[in-house]
Amino acid sequence: QGLHSLFVASGKLFFGTATDVNNVNDAPYQAILNNPNEFGMIVPENSQKWEAVQPTEAKFTFANADSLVTRAKAAGQQFRCHTLTWHSQLPPFISATAWTRATLTAALETHIANVMGHFKGSCYSWDVVNEALAEDGTFREDVFLQVLGTDYLAISFRAAAKADPATKLYYNDFNLETTKAKADGAVGIVQLLQKAGVRIDGVGFQAHFTVGGTPSQKSLVATLEKFTSLGMDVSWSELDIAHKNMSTATSASALSQQASDYVAAVGACLAVPKCVGITVWQFTDKYSWIPNTFPGMGDACLYTANYTKKPAYFAVASLLASA
Ligand code: G3I
């Protein structure tokens with residue numbers, strides 16, 4: 001038994017994790033990662049981002065991401081693809097070019113057609129547009145908005161639908177679970193695409209939470225239902241729950257609060273029929289992105305840096321076993 005097999009037994013499609021090529025030579029890590037009962041879905045943490053797959057204009061490099069797809073297939077795992085139109089981790093040519101409406105539209109369409117075309121048949125879903133919103137629910141002032149206005153959303157999803165009719169197309173963002181104005185902005189994105197007759201299948205909630213700052217299960221369910229009522233699939237796409245102060249993260253009370261917070265998040269997905277799955281953003285503190293971005297914070301994962309299972313792991317497993 002593992003988290004994925006337990007979650008599937010509860011009627012869900014997948015429990016998975018982010019990983020990447022910088023983790024491949026770590027044998028104890030790989031022993032956990034490659035167990036398809038534990039993780040049934042793999043998502044590349046960085047290797048499919050624009051700077052990774054098209055570092056120079058019109059030069060595509062897929063070797064790293066391909067190796068992850070190959071490994072997942074060999075292990076009997078599905079693959080979730082991340083991400084196409086995003087303001088971050090763009091290659092230098094994007095900021096070095098004076099774009100017009102026509103040239104940036106063509107650049108987006110070329111990127112999406114090539115990348116999705118390359119991975120066609122391997123992706124359960126694609127995060128087509130990532131993090132388009134500011135915290136107040138207005139659109140983020142990135143190059144795509146500046147040149148194309150909000151049309152870049154329909155341009156991206158239309159190109160995605162054309163490139164791979166079989167994969168699920170997602171909008172993905174963070175803080176939708178905690179910030180009402182931002183969730184309303186995401187509802188607006190779904191409606192904008194639906195009114196334009198452009199396919200969108202789901203919304204990924206990154207679910208980067210903090211210990212003691214995680215919304216209640218009830219509140220999480222209410223947020224997910226705003227989107228399922230619009231016909232969307234939903235998922236926790238990058239779940240982790242960080243201690244705000246790592247120096248106290250090993251106290252019994254901190255570990256127990258983290259366990260309750262994970263149970264709230266997993267319980268909310270269980271309670272919403274169209275919540276199809278969960279991916280954690282790395283499963284061990286050894287490789288979590290959080291301390292690099294928020295110094296002092298971290299220990300957010302289900303396994304410690306030494307690969308022991310935390311109380312949060314056992315709490316999630318026992319919730320799933322009884323679901
Ligand atoms: O590729 C370079 C490498 O050449 C260099 O030697 C090394 C030295 O630091 O840096 C490498 O780049 C790093 C990159 O990850 C690849 O490993 C960057 O410094 C680092 O900032 C970057 O961080 C990633 C971050 O996205 C960047 O935005 C994290 O690993 C990744 O977990 C994180 O993931 C994002 C999701 O895609 C979207 N949602 C939020 C989430 C967390 O920020």
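**Working chat: burial, ligand shell and helix contact**

Student: Is Gln 282 buried or exposed?
Tutor: Gln 282 is buried, because 25 other C-beta atoms lie within 10 Å. A residue counts as buried if 20 or more other C-beta atoms lie within 10 Å of its own, as exposed if 12 or fewer do, and as partly exposed in between, with C-beta atoms placed from the backbone.

Student: What kind of model is this?
Tutor: This is a predicted model, in which local features need pLDDT of at least 70 and side-chain atom pairs count only at pLDDT 80 or more, while totals for chains, interfaces and linings use all residues. Residues are numbered from 1 along each chain as its sequence is written.

Student: Back to Gln 282. Where is Gln 282 found?
Tutor: Gln 282 sits in the loop between strand S10 (275-280) and helix H12 (290-293). Helices (H or I, at least four residues) and strands (E, at least two) are DSSP runs, numbered from the N terminus.

Student: What is the phi of Gln 282?
Tutor: Positive, at about 80 degrees, although Gln 282 is not a glycine. Gln 89 is another non-glycine residue with positive phi, near 50 degrees.

Student: And is Gln 89 buried or exposed?
Tutor: Gln 89 counts as exposed, because it has 12 C-beta neighbours inside 10 Å. Gln 89 lies in the loop between S4 and helix H5 (92-96).

Student: Which peptide bond is cis?
Tutor: The bond joining His 82 and Thr 83 is cis, with omega about 0 degrees. Thr 83 belongs to strand S4 (residues 81-85).

Student: New topic. Which residues are around the ligand?
Tutor: Glu 45, Asn 46, Ser 88, Gln 89, Asn 130, Gln 206, Glu 238, Trp 289 and Thr 293.

Student: How many of the shell residues are polar?
Tutor: Six are polar, two are charged and one is nonpolar. Ala, Val, Leu, Ile, Met, Phe, Trp, Tyr, Cys and Pro count as nonpolar, Asp, Glu, Lys and Arg as charged, and the others, Gly among them, as polar.

Student: Where is the place of Glu 45?
Tutor: Glu 45 lies in the loop between strand S2 (41-44) and H3. Glu 45 is buried, because 20 other C-beta atoms are within 10 Å.

Student: What does Glu 45 touch?
Tutor: Leaving out residues up to four places away in sequence, Glu 45 touches Ala 18, Thr 19, Asp 20 and Gln 282. Contact here means that the C-beta atoms of two residues, placed from the backbone, lie within 7 Å. Glu 45 and Thr 17 are 28 residues apart in sequence, with their C-alpha atoms 9.1 Å apart.

Student: What about Val 53, in which helix is its place?
Tutor: Val 53 is in helix H3 (residues 50-53). Val 53 counts as buried because it has 22 C-beta neighbours inside 10 Å. Its contacts, not counting residues up to four places away in sequence, are Gln 48, Phe 60, Thr 61, Phe 62, Ala 65 and Val 115.

Student: OK, helices. At what angle do the axes of H8 and H9 cross?
Tutor: The axes of H8 (residues 151-163) and H9 (residues 180-195) cross at roughly 65 degrees and come within 10 Å. Axes are lines fitted to C-alpha atoms, for helices over the stretch in contact, and angles run from 0 to 180 degrees between N-to-C directions.

Student: Which residues of H8 and H9 meet?
Tutor: Leu 153, Ala 154 and Phe 157 in H8 meet Ile 189, Leu 192 and Leu 193 in H9. This contact has six nonpolar residues, with no polar and no charged ones.

Student: Zooming out, how many helices and strands does the protein have?
Tutor: There are 13 helices and ten strands. The radius of gyration, taken over C-alpha atoms, is 19 Å, close to the 20 Å that the globule rule gives for 323 residues, so the protein is as compact as a globular protein of that length. That rule is 2.2 Å times the number of residues to the power 0.38.

Student: What does the C-alpha trace span along its principal axes?
Tutor: About 55 × 40 × 35 Å. Buried residues make up 45% of the 323 residues.

Student: And which share of the contacts comes from residues 24 or more positions apart?
Tutor: Among contacts with a separation of 6 or more, 78% are between residues 24 or more positions apart.

Key: Near = placed C-beta within 6 Å.
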